[in-house]
Number of protein chains: 2
Amino acid sequence: MARAGLTPQRLTQAGAELADEVGFEHVTVSALARHFDVKVASLYSHVKSSHDLKTRIALLALEEMADRAAQALAGRSGKDALAAFAEVYRGYAREHPGRYAAAQLRLDPETAAAGAGVRHSQMTRAILRGYDLAEPAQTHAVRLLGSVFHGYVSLELSGGFSHSAPDSSVSWARIIDALDALLRTWPDEPDREERKA
Amino acid sequence: MARAGLTPQRLTQAGAELADEVGFEHVTVSALARHFDVKVASLYSHVKSSHDLKTRIALLALEEMADRAAQALAGRSGKDALAAFAEVYRGYAREHPGRYAAAQLRLDPETAAAGAGVRHSQMTRAILRGYDLAEPAQTHAVRLLGSVFHGYVSLELSGGFSHSAPDSSVSWARIIDALDALLRTWPDEPDREERKA
DNA sequence: TAAGTTGCCTAAAACCTGTAGGCAAATGAA
DNA sequence: TTCATTTGCCTACAGGTTTTAGGCAACTTA
């Protein structure tokens, strides 16, 4: 009986492709076994569990995104860097919706720390070097950028902006413009006692 | 044999509570049957399918959020309205993480149109009445606000901001400040040809 | 109180996860 | 080459979830 040549890597890769085709929530050990024309139990020699498989796909996606982002950021700064990073982020999600959904999987802390998630926040910080932001404003800005990118893309993917003008790509571009302007003029902390009216 | 008194409403309510306790992804028809101490098949008289149940929970969550937001917005405008809306959004998600996850369920278009999702975007638009934004900037801003709120809350819920200073609540407040400033000075469309260097 | 309706039941099929143990193919050493 | 070991995929099975079909008992109403 010929062997299928399964490895954790091939399973992860095939799982990622499957996720993009049918949605991450439909990625199952059984479906993957069907894809390799192999019995379900066989996969459990290569992957600990369904959760393990999903985690591997998530880590793959995070790494791919980080690689693309690093590419895009090389040699750019300021608004150019911001726009390039944004483009990568949105592009990856549209190109690989299943992988993008996988990247949203909640990982346990040690797994997350070992993965490429940290590279992401470092790159976001790198973008902000083009702007003049001291701590703690810089951290607030990192969180804002992460929120906008993730929020926009995930709303777009779930169909929130379709069937309504203006086109989503236009809003995206204008939002980058707005974020750039905001980062250049990040407001000081308002005095929360005085300004009541 | 005493009857359990099941109705779609009670199932939806219990399902929402279960979601907050164990996570939306673990809300299952079986689990709900156990909760009511009833056989699984019995639920299918009240709910068409597992997906139907989840959809009902999602619609309940959207409605609850819209109700709270409408309350919070009454009598406020400008930054007050913005901050109140943001507080409701984040508060609901923290108070009811399972319901909030449910609200993120991708609904088919007609279901979404019938639900309270539209009330949300109308309210976001209402907030912007306190700022001087003409179309299409207003739509861009609506999308930005939605993205920030959703993105921030969902990153926070998945643990992105925990274990790192400054406290998440501080960033949230400062991001509201920043959004307020941004909306008051929303940038004109830059001339994309000229500014290359 | 009989008729009709409703509500929860048993039964069963289909599918997914996960474990245990077995046989055959690949590997490597004598 | 052959024999032992390891590795890879298999069968078998146990348990869980979804969903449909059909039945009986409990409410409702006339």
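Modeller: Of the atoms of DNA strand D that lie within 4 Å of the protein, 65% belong to sugar or phosphate, and the rest belong to bases. This is a predicted model, in which local features need pLDDT of at least 70 and side-chain atom pairs count only at pLDDT 80 or more, while totals for chains, interfaces and linings use all residues. Residues are numbered from 1 along each chain as its sequence is written, chains are lettered from A and ligands numbered from 1 in the order in which they are written, and side-chain values use heavy atoms, with hydrogens and water left out.

DNA strand D is surrounded by 22 residues, and the closest are Arg3(A), Lys39(A), Ser42(A), Thr28(B) and Ser50(B). A residue counts as near a strand if one of its heavy atoms lies within 4 Å of it. Sorted by class, the surface near DNA strand D has 10 nonpolar, 8 polar and 4 charged residues. Here Ala, Val, Leu, Ile, Met, Phe, Trp, Tyr, Cys and Pro are nonpolar, Asp, Glu, Lys and Arg are charged, and the others, including Gly, are polar.

A polar side-chain atom of Thr28(B) is 2.6 Å from a phosphate oxygen of DNA strand D.

The surface near DNA strand D draws at least two residues from each of α3 (40-43) of chain A, α2 (29-35) of chain B and α3 of chain B. The largest share, 3 residues, comes from α2(B). Helices (H or I, at least four residues) and strands (E, at least two) are DSSP runs, numbered from the N terminus.

Now the other DNA strand. DNA strand C has 21 residues around it, the closest being Thr28(A), Ser50(A), Arg3(B), Lys39(B) and Ser42(B). Sugar and phosphate make up 66% of the atoms of DNA strand C that come within 4 Å of the protein. Thr28(A) has a side-chain N or O atom 2.7 Å from a phosphate oxygen of DNA strand C. α2 (29-35) of chain A and α3 (40-43) of chain B each supply at least two residues of the surface near DNA strand C, and α2(A) gives the most, with 3 residues. That surface has 9 nonpolar, 8 polar and 4 charged residues.

A record covers part of chain A. An unreviewed UniProt entry annotates residues 5-65 of chain A as "domain: HTH tetR-type"; such annotations, given in the numbering used here with shortened feature names, may be inferred rather than shown by experiment. In the model, this span of chain A is 69% helix and 0% strand, and its end C-alpha atoms lie 27 Å apart. Chain A in total has 10 helices and 0 strands.

Notes: Polar contact = N/O pair within 3.5 Å; in protein donor to acceptor, adjacent residues only side chain to side chain.
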